[in-house]
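Welcome! Below is a short tour of a protein model, written for someone meeting it for the first time. Keep the 3D view open as you read.

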Amino acid sequence: MKIFSFYYSADRIIYANPCKQSSYIRYAQEVGVDVMTFDNEQELLKIKQLHPHAKLVLRIITDDSNAVCRFSMKFGADMHTARKLVEKAQELDMDIIGVSFHCGSGQMTSKAFVDAIQNARAIMNYGNKLGFTMNLLDLGGGFPGNTGTEDYFAEIAAAINRTIDEHFPEDENVRIIAEPGRYYVASAYTLATNVIASREMIDAG
């Protein structure tokens, strides 16, 4: 007898890691997970080989210099590279359906989200021009959720809503999603640890 049974339809899943093992891509293809993220040509070619009918989401870089944890140091394509990747996908007959970004975990400035949404709009316009149907925008996560950050979150949310209204009107039928993991769990725990040593780092430059 099953006490708990959880089922998630494959078409509701996004394989959002831009760097995926080949075996994981094969498994995603086997179970019907078609939507997946990429941010470089090597990943695009890998997906072409292993899951040629995937529906791709292009992750672009952001200015996450004010975030607690910066992700753009390792993930995301700059605007020039993003356009080249759209062209490469067209050449490979791959399907790009949207754009994603992540402004860093613990992002406290609304400008990072505003700029990223505007950049996403530009890339989606370019993709539409090349014949893709760009109908998904993933705002990423990193929204502040600690006690005392309510004002920051309210400012960010208001700025995001204004920018979406400006660049993604409802009649375009663009699906907009987000990944509010930090917002939900940041204040849910307290970490206690012993500090046994410290080291002062000196910038030689």
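## The sheet

Let us begin with two neighbouring strands: E2 and E3 run parallel to each other and pair over four bridges. Two strands are said to pair if DSSP finds at least two bridges between them. Helices (H or I, at least four residues) and strands (E, at least two) are DSSP runs, numbered from the N terminus. Within this pair, Thr 37 stands opposite Val 57 in E3.

Stepping back, six strands form an open, parallel sheet in the order E1-E2-E3-E4-E5-E6. Its edge strands are E1 (14–15) and E6 (175–177), each of which pairs on one side only. In general, strands of a sheet pair through backbone hydrogen bonds, either parallel or antiparallel.

## How to read the model

This is a predicted model, in which local features need pLDDT of at least 70 and side-chain atom pairs count only at pLDDT 80 or more, while totals for chains, interfaces and linings use all residues. Residues are numbered from 1 along each chain as its sequence is written, and side-chain values use heavy atoms, with hydrogens and water left out.

## The nonpolar cores

A nonpolar core is a set of buried Ala, Val, Leu, Ile, Met, Phe, Trp, Tyr and Cys residues joined through side-chain atoms within 4.5 Å. Buried means under 20% relative accessible area, exposed over 50%, and partly exposed in between (1.4 Å probe, protein chains only). The largest core has 43 residues, and those touching the most other members are Met 36, Phe 38, Ile 47, Leu 56, Ile 96, Phe 101 and Ile 160. Among the elements that give two or more residues to this core are H1 (22–31), E2 (35–38), H2 (41–50) and H5 (150–167). H4 gives the most, with eight residues.

Take Ile 96 as an example. Apart from neighbours within four places in sequence, Ile 96 is in contact (heavy atoms within 4.5 Å) with Phe 38, Leu 56, Leu 85, Val 86, Ala 89, Phe 132, Thr 133 and Met 134. There is also a second, separate core of five residues, including Val 57, Ile 97, Leu 136 and Ile 177.

## Helix H3, face by face

H3 has 13 residues and spans 19 Å from its first C-alpha to its last, close to the 18 Å expected at 1.5 Å a residue; the expected span is 1.5 Å times one less than the number of residues. Which residues of H3 are buried? They are Ala 82, Leu 85, Val 86, Lys 88 and Ala 89. Seen down the axis of H3, the buried residues fall within an arc of 165°, so they line one face of the helix. That arc is taken from the directions from the helix axis to the C-beta atoms.

The buried residues of H3 pack against E2, H2, E3, E4 and H4, while His 80 and Glu 91 are exposed on the other side. Just after H3, Asp 93 takes a positive phi of about 60°, although Asp 93 is not a glycine. Asp 93 counts as exposed, at 65% relative accessibility.

## A buried threonine

Thr 62 sits in the loop between E3 and H3. Is Thr 62 buried or exposed? With a relative accessible area of 10%, Thr 62 is buried. Leaving aside neighbours within four places in sequence, Thr 62 is in contact with Ser 72, Phe 101, His 102, Cys 103 and Ala 116. A polar atom of the Thr 62 side chain lies 3.0 Å from the backbone oxygen of His 102.

Terms used. Polar contact = N/O pair within 3.5 Å; in protein donor to acceptor, adjacent residues only side chain to side chain.
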